[in-house]
Amino acid sequence: MGRTLIEKIITAHGGGECTGGDVVWMGIDNRSARDFAGANVVGNLEKYGGESPIDDPDKTFFTFDCNVPANTIPYATNQHRIRLFAREQNLRIWDVDAGIGSHVVIEEGLGKPGTTTIGTDSHLNIMGAVGAFGQGMGDVDTAFAFKSGKVWFQVPNSVRVTLKGMPAPGTEAKDVALAMLKEFGSHTLLGRSVEVQGEWPDQAALSDCITFSSLGTEMGAIIILLPPNQKVLNAFGMKKEEAIYADGDAEYEKEYTLDITGLKPLLAAPPNPHNVHSVSEYKDTAVDGVFIGSCTNGTYEDMAYAAKLLKGRKVAEGVMLKVVPATRKTWTRLLHEGLLADLFDAGAIVSNAGCGGCASGQIGMTGLKEVQVSTSNRNFTGKQGRGDTYLAGIGTAVASAVLGRIATVHELEEV
Amino acid sequence: MALLKLQGRLWVLQRDGELISDIDTDMIFHNQYLAITDIAKMGQYSFDNLEGFKDFAQLAQPDDIILAGDNFGSGSSRQQAVDCFRCLGVKAIIARSYGAIYKRNAINSAFPVITMPTAKAGDFKHMETTVLDMDRGLLGSAKTEPMSGVQKDIFFAGGLFEYAETLK
């Protein structure tokens, strides 16, 4: 019987000939913790770590991306507690200047196709974008992986989604992910490994794959796995034989087909990410602020697209446009290619690299009744402040910032 | 195996007669408190962003049990969303289903999270003292799923690190 992608990745990491439902121990290539929960990981290792709390310092690291640089004393204290521990144990820190940990892991080539990564970021299953295993875990699991190099894991059942057709021009990876949320909500894929195939994923750029897989957490999925296409393999300088793919005769718990032919831009209205509607349904909604960034839409390609749309245009009076590139490398490219100027001249506030709006701090929260369009991944009540957050792609975010109301990228073209 | 039988007041987390689903980690333990690392300070913030139950921490008593709908604990990986309940002495959570990370976190902390796919708000009385029998898989007289093998192993060891010690 053929085997699914997640089963084969787990087997390649010491999990044995496993199948959905089995509980296995699996080896972890990249063991990470962030400034959030990282201090608790250190606390667990001080309590339980004994003489040798770190299995392999070369595979173990911290990434600071939540509150960067720290703007509260407790966060600053936690970050520094981690620094002191890391120095003592010879562990690498991607510190407050580096950006979003999951993106750093991909950028540095650590999280390449077929690898396994765990850490305290609940969106670490973003690694599914490159056909790799990633999983957000709590501080106990993470500390255990630091010490032992492995975690226990219940192999999830695998389902497969076939995306049929191609979306309309001007529709982004975010819209395709929102179409998935609209179709499946937060319960249908709960606890499943979801393999996605079709014409669209076959040609998607790495940045689009990242956006798409980043919303797996909101679908309740363990991971959204995209089999690495040629563009993704090229990004890592890999050959197809070096990556892991599902067997041709793999058996899935369930198969779904979703037709995305001619798909138009979507948004998720408050109060949750699966409250998905067409953007045009909300076009009379006035906007107070727009956030562009996060692990979902913070790559160089996302930023460059925003800059291209904003060049020669202005953010509407009274609207705040907050932009947070995902990583320092992205920031550097934007700076030296002149794209930061396009963002800034249009009226954007551009912050240092990091998670931005999602972890209470870096670039501000929303107040009661404030309406925000955000390219991030969560709009739960209270998540990004007290205001109403609408989740959308880059084009919708920029158009809404320029027009001062929720708008599609096509309306922007008329300005 | 007497350890697996608990008794406490049942918090039926309901809205309009339905068990609340998609209670995420920001409703359980909001991100504004994430810098807290001392478990003794976590309990006071439990559910303080869950509409209708914001006074939970003031009213909760040791041995209380919580009943919720689907996808309980979805969202972030924060262990505090489990530890805040341990801090208050809450003994177990029963839900129709869980966010995967939340379930792991609870299991690793030896905190019982029990799945009950058929749970309905109308079948239970809010705040009534109820027996949870994890051996037989019963909440009152209604059936729950059994704990998995690994969940039981870690539960009896008292946590993931303690369980790992038993493997040596």
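D97(A) is partly exposed, because 14 other C-beta atoms lie within 10 Å. On this scale a residue with 20 or more other C-beta atoms within 10 Å of its own is buried, one with 12 or fewer is exposed, and anything in between is partly exposed, with C-beta atoms placed from the backbone. Before I go on, the conventions. This is a predicted model, where local features need pLDDT of at least 70, side-chain atom pairs count only at pLDDT 80 or more, and totals for chains, interfaces and linings use all residues. Residues are numbered from 1 along each chain as its sequence is written, while chains are lettered from A and ligands numbered from 1 in the order in which they are written.

Back to D97(A). It sits in the loop between β4 (92-94) and α4 (101-107) of chain A. Helices here are DSSP runs of H or I with at least four residues, strands are runs of E with at least two, and both are numbered from the N terminus. What does D97(A) contact, leaving aside its neighbours within four places in sequence? The partners are R328(A) and N352(A), where contact means that the C-beta atoms of two residues, placed from the backbone, lie within 7 Å.

Next, the contact between the chains. Chain A puts in 35 residues and chain B 32 residues. On the side of chain A that touches chain B, α2 (35-48), α3 (73-89) and α5 (139-148) each supply at least two residues. The largest share, 6 residues, comes from α2(A). By type, that side of chain A divides into 15 nonpolar, 16 polar and 4 charged residues. For the record, Ala, Val, Leu, Ile, Met, Phe, Trp, Tyr, Cys and Pro count as nonpolar, Asp, Glu, Lys and Arg as charged, and the others, Gly among them, as polar.

α2(A) and α3(A) meet at an angle of about 55°, with their axes 9 Å apart. The axes are lines fitted to C-alpha atoms, for helices over the stretch in contact, and the angles run from 0 to 180 degrees between N-to-C directions. The pair is therefore oblique, given that under 35 degrees counts as roughly parallel, over 145 as roughly antiparallel, 65 to 115 as roughly perpendicular and the rest as oblique. The crossing of α2(A) and α3(A) is left-handed; that means the near helix is turned anticlockwise from the far one by less than a right angle, and clockwise would be right-handed. From α2(A), the contact uses D35(A), G38(A), A39(A) and V42(A), and from α3(A) it uses Y75(A), N78(A), Q79(A), R81(A), I82(A) and F85(A). That makes 5 nonpolar, 3 polar and 2 charged.

A second pair in chain A is α10 (residues 300-310) with α13 (residues 394-403), packed at about 35° with axes 10 Å apart. Which hand does the crossing of α10(A) and α13(A) have? It is right-handed. D302(A), Y305(A), A306(A), L309(A) and L310(A) of α10(A) meet I394(A), G395(A) and V398(A) of α13(A). This contact divides into 6 nonpolar, 1 polar and 1 charged.

Now burial along helices. In α5(A), 9 of the 10 residues are buried, among them F144(A), F146(A) and K147(A). Just after α5(A), G149(A) has a positive phi of about 80°. In chain B, helix α5 (residues 149-157) has Q151(B), I154(B) and F155(B) as its buried residues. They lie on the same side of α5(B), because they cover an arc of only 105° around the axis, taken from the directions from the helix axis to the C-beta atoms. The buried residues of α5(B) pack against α4 (100-108) and α6 (160-167) of chain B. Just after α5(B), G158(B) takes a positive phi of about 100°.

Last, some backbone details. Chain A has a cis peptide bond between V68(A) and P69(A), omega about -20°, and P69(A) is in the loop between β3 (60-63) and α3 of chain A. Another cis peptide bond joins P270(A) and P271(A), omega about 10°, with P271(A) in the loop between β12 (266-268) and β13 (276-278) of chain A. S294(A), a residue other than glycine, has a positive phi near 85°. S294(A) counts as buried, because it has 26 C-beta neighbours inside 10 Å.
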